[in-house]
Each structure stands twice: as structure tokens, then as C-alpha cells.
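Biologist: I'm new to this one. Can you walk me through some of its helices?
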Amino acid sequence: MTNSSKQLAMHIHPDFRHIVGLPSEERIAFMDQPRWIGYAAAKRILDTLQGLLHKPKRPRMPNLLLVGDPNNGKTTLVRRFKDLCGQGYVNEDNEPVKPIIIAEAPPSADEKSLYISILERFFTPYRPTDPASKLRYQVIHLFRECHVSLLIIDEFHSLLTGTPIKQREVMNAIKLLCNELSIPVVGVGTREAVTVLHTDPQHASRFDVLTLPTWETNKDFQALLADFEKILPLQNPSNLHNPELALLLHSISGGNLGNLHRLLIECATEAITSGKEQIDKSIIEGKKWVQPTRGIRELSG
């Protein structure tokens, strides 16, 4: 990378400035790699999760339901939390420790399927044909053996699929795990997931609900755009945080973080392939995919 190229890359985060000097194909591939960008709402939720992780054991542990629009960063956030606070290790007694287990809710409300999803996270043998009671106590044994402190169940809204009896069964199974192990449970899902809690007033009283909001057109959104720009390997600054571009990007993405991320990658890719090396108004307006409708991205032409 030449000195003049380094000067052009001053708008890029120092860790990534060398990427600007790579061939176009490598720069485009770089943008497809997962990368964390912190923001205030995420930090508040990470702090809340960390507080739950370190709660002293007691008979009735607090639980949390994290909800938000589809593709708005919920799963990315909880996986970031596990990366920061939940890496497995072996303690001084030579015992395995898995502080955080993230399992995915089964496609429909089913107690056995929930246990199987959890057991998959331990990479342990089990018999799917075993009765639910045996699978349950295998889960409980592994949680104790591995000193699990927090269970996160992603796609929590999937538990709405199924009969009311099945929904109550799976929610009672979650309550039993929470009581038996004295650990918090965190559900993660769309806003519809709140309905699952109302299968029984006891469940609703055990869960606090925390919302990951969509973005509004304010200074926080402009700051997010400025942070995004620091990881886009373009030779020239785009000044995405400028009000005109910020409003345009918000109107297309709907303030949805996942949609915004995809939009910016598409724009940056065109900026590279076209030789413009910056994202301008014409590139943003010329994108083929338009505003998502209820989580569905419509493609034109």
C-alpha cells in the first residue's frame, strides 16, 4: 500500500486500512465476513445479560424475553454475548465449564424436541426415541456437570406453533429447568413471542420483556453509519452520516439493522466494481432491492 493510499484510507478503522490496497475481489469478500459493530442499545442489553449471568442462585430466578423485528440483530447480539462471557473452559478441579448454552427453539412447541435441541449443544450421545423424562434428566445432568449458568433459547416465537396443550407443556419444561437448576432462562424472538408467555400467568410473571428497537433517524443512527463506514474498504470517504444520505439509507432499510447492513454491503460492492470508490446518493437510490415488507425483501427486475 503506497503512502498516498494510506492517506486515502484515513477514514477506515486502523485495523482494516490495509484491506483498501487489496484487489477488488478480496475487498468484496472481506465485507461478507461477520464483524461486530457496537451501539448503545446493544451495550445496554449486553449489560443486562451479564447481570443475569452473575445472579446468585435462588428458588425463583429472573428470566428475560428479548424481542424485536426479524433481522434486527437479536441473534447476533446474544452470540456476541456468548463470545464475550460464555467461552467454555476447564476449571481448577479439571471439570468442564460451559457458562452459557444457546439452543434454538424447535420448529413447533414440543418438549422432547426442546431437550434434543439443547443436547445438540453439548455434542453428546442421546437417543431421540427416549421418553421426554429421560431426555430431561440428561439435560439437567449435563447442565450441572458443565456448570451452566444461563440458558438462551433463540427463535422463541416458534413455540407459538402447536396446540395450546403443547405450548403449555414446553413452557412448563422451561420452568422446570429454571427451578431445578436455579439458572435464568433468556428467550429471544420476534414480538409475537410475548404471546407464548400468556399460556399461563405464572410464565408471564417470571419473564421480563426487553425490546431491541429499530433505529430512528437521529444522531445515534448517524453515529452507527459513521461506524459502518470505518469497516467498508473504499478508497474514498462516503460521509454516510451526512443528513441527506442518512435519511435515504433509513428510508430504504426501515431502520432495521440487518437490512441496513445488507444495503451498505450492496452499495459498497457497487462502489468498488464501478470504480467510484465511495457510496453516493446515486448508488443508494439505484439499488435493486427495495423496502422490506414484514421481513420479506422484495427484489425488482
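Biologist: Which residues are buried in α3?
Modeller: This is a predicted model. In α3, the buried residues are Ala41, Ala42, Ile45, Leu46, Leu49, Leu52 and Leu53.

Biologist: Why do they line one face of the helix?
Modeller: Looking down the axis of α3, the buried residues fall within an arc of 135 degrees, so they line one face. An α-helix has 3.6 residues a turn, so residues three or four places apart point the same way.

Biologist: And what does the face turned away from the buried side carry?
Modeller: Lys43 and Arg44, both exposed.

Biologist: New topic. How do the axes of α2 and α12 cross?
Modeller: At roughly 175 degrees, and they come within 10 Å. That makes α2 roughly antiparallel to α12, because an angle over 145 degrees counts as such.

Biologist: Which residues meet there?
Modeller: From α2, Ser24, Arg27, Ile28 and Met31. From α12, Ile265, Ala268, Thr269, Ile272 and Thr273.

Biologist: What classes are in that contact?
Modeller: Five nonpolar, three polar and one charged.

Biologist: Now α7. How many residues does it have?
Modeller: α7 runs over residues 164-181 and has 18 residues. Its first and last C-alpha are 26 Å apart, close to the 26 Å expected.

Biologist: Which of its residues are buried?
Modeller: Among them are Gln167, Lys175, Val170 and Leu181.

Biologist: What follows α7?
Modeller: Ser182, with a positive phi near 55 degrees.

Key. Residues are numbered from 1 along each chain as its sequence is written. This is a predicted model: local features need pLDDT of at least 70, side-chain atom pairs count only at pLDDT 80 or more; totals for chains, interfaces and linings use all residues. Side-chain values use heavy atoms; hydrogens and water are left out. Buried means under 20% relative accessible area, exposed over 50%, partly exposed in between (1.4 Å probe, protein chains only). Helices (H or I, at least four residues) and strands (E, at least two) are DSSP runs, numbered from the N terminus. The arc is that of the directions from the helix axis to the C-beta atoms. Axes are lines fitted to C-alpha atoms, for helices over the stretch in contact, and angles run from 0 to 180 degrees between N-to-C directions. Angles under 35 degrees count as roughly parallel, over 145 as roughly antiparallel, 65 to 115 as roughly perpendicular and the rest as oblique. Contact means heavy atoms within 4.5 Å. Ala, Val, Leu, Ile, Met, Phe, Trp, Tyr, Cys and Pro count as nonpolar, Asp, Glu, Lys and Arg as charged, and the others, Gly among them, as polar. The expected span of a helix is 1.5 Å times one less than its number of residues.
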